[in-house]
Amino acid sequence: MHMELLAVALLWPLLLLLVGFVFISGWNISGLLILPIVVIFFIFAFGGNVRLGSAPGIGDERQQLDRTRRGMVAFSIALLLPMFVEYLLKVSGNNLPTMILALVFGFGAVIWGMFIRHNKVLAYANITGGALTIVYLYFQLWSLGQLAQIVATAFGLVVAIVISVIKFRDKLA
Amino acid sequence: MKNNLAKILFGIVIFLFSVALAYFTANYLSTTGAFDYWGTLALFACAYAVVGIGIVMIFPISLGFLFSADVLILHLLINYYGEWADVLKLITVGAVILILYIACAEWLKDVEEAPVSPISNTPIS
């Protein structure tokens, strides 16, 4: 009983702290660029009809709160993934092997998000976060020269073909 | 309903007073040179977090103190986060992502939709 009360009491302060941390970390990395990203994400997460796996139906405050909670968590993961990669590259000194590892990480997040079942929060967070990570990495890779460009495009092409084969193959039977 | 409104009101009052107390004390101590401004805020944040968790049975006090601790921690982060080493930032962000993944897998699974009951075709007599 005490643990349940503690969980309920800690939930919102922790979520607020989490979103605050995401803002501060994003500001630290990209400065003013974080603002339009946050606005766009809030419009998608809270303005649209995306339920993120919460209970169906509208009007009930509990469902609204649940939806908001899920949106906050998805938003945080989606923005923290590219930040993690940014720090990883900074620590490693922007070298090619780490970039390729980060590329695998980004594509891995997208693929995991596409195939995960029964957890829409993770699905949306991974797809958005992975996509942001990949876009960021391609910008970084372009500055490393022609070999890096070939590796990056080949890798992207292979992943896109594999996903298409697995996910969108027409069933003849 | 009235009781809930009173709880929220008292929570907000406790939040405002606790934040004000922390900042006034930090200002006073730094002006007199007795203690560092940011150190005082950090101590208040820790104390508020401990008190908030400790008296969880009384929701307005608990939430008031926990949100105050949030404000103080975020203010400290705004001031000091840029000075952290990149490795520390990497570890922090990685740990937060890991915790979020665990939380998602444990508590944020999709809520199953209730099965729709078949519509009866029998005429209402």
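**Close-ups of a two-chain model**

**View 1. Where chain B meets chain A.** Here 31 residues of chain B are in contact with 33 residues of chain A (in contact: C-beta atoms, placed from the backbone, within 7 Å). On the chain B side, helix 3 (59-80) and helix 4 each supply at least two residues. Helix 4 of chain B brings the largest share, eleven residues. Sorted by class, that side of chain B has 22 nonpolar, three polar and six charged residues (nonpolar: Ala, Val, Leu, Ile, Met, Phe, Trp, Tyr, Cys and Pro; charged: Asp, Glu, Lys and Arg; polar: the others, Gly among them). This is a predicted model, where local features need pLDDT of at least 70 and side-chain atom pairs count only at pLDDT 80 or more, while totals for chains, interfaces and linings use all residues. Residues are numbered from 1 along each chain as its sequence is written, and chains are lettered from A and ligands numbered from 1 in the order in which they are written.

**View 2. Chain A by itself.** Chain A has six helices and zero strands (DSSP runs numbered from the N terminus: helices are H or I, at least four residues; strands are E, at least two). Of its 173 residues, 31% are buried (20 or more other C-beta atoms within 10 Å of a residue's own, all placed from the backbone).

**View 3. The largest nonpolar core.** This core has 38 residues, and A:Ala74 and A:Val121 have the most contacts inside it (a core: buried Ala, Val, Leu, Ile, Met, Phe, Trp, Tyr and Cys residues joined through C-beta atoms within 7 Å). Helix 3 of chain A gives the most, with 14 residues. Another core, of 20 residues, lies apart from it and includes B:Phe15 and B:Tyr48.

Note on methods: A residue is buried if 20 or more other C-beta atoms lie within 10 Å of its own, exposed if 12 or fewer, and partly exposed in between; C-beta atoms are placed from the backbone. Two residues are in contact if their C-beta atoms, placed from the backbone, lie within 7 Å.
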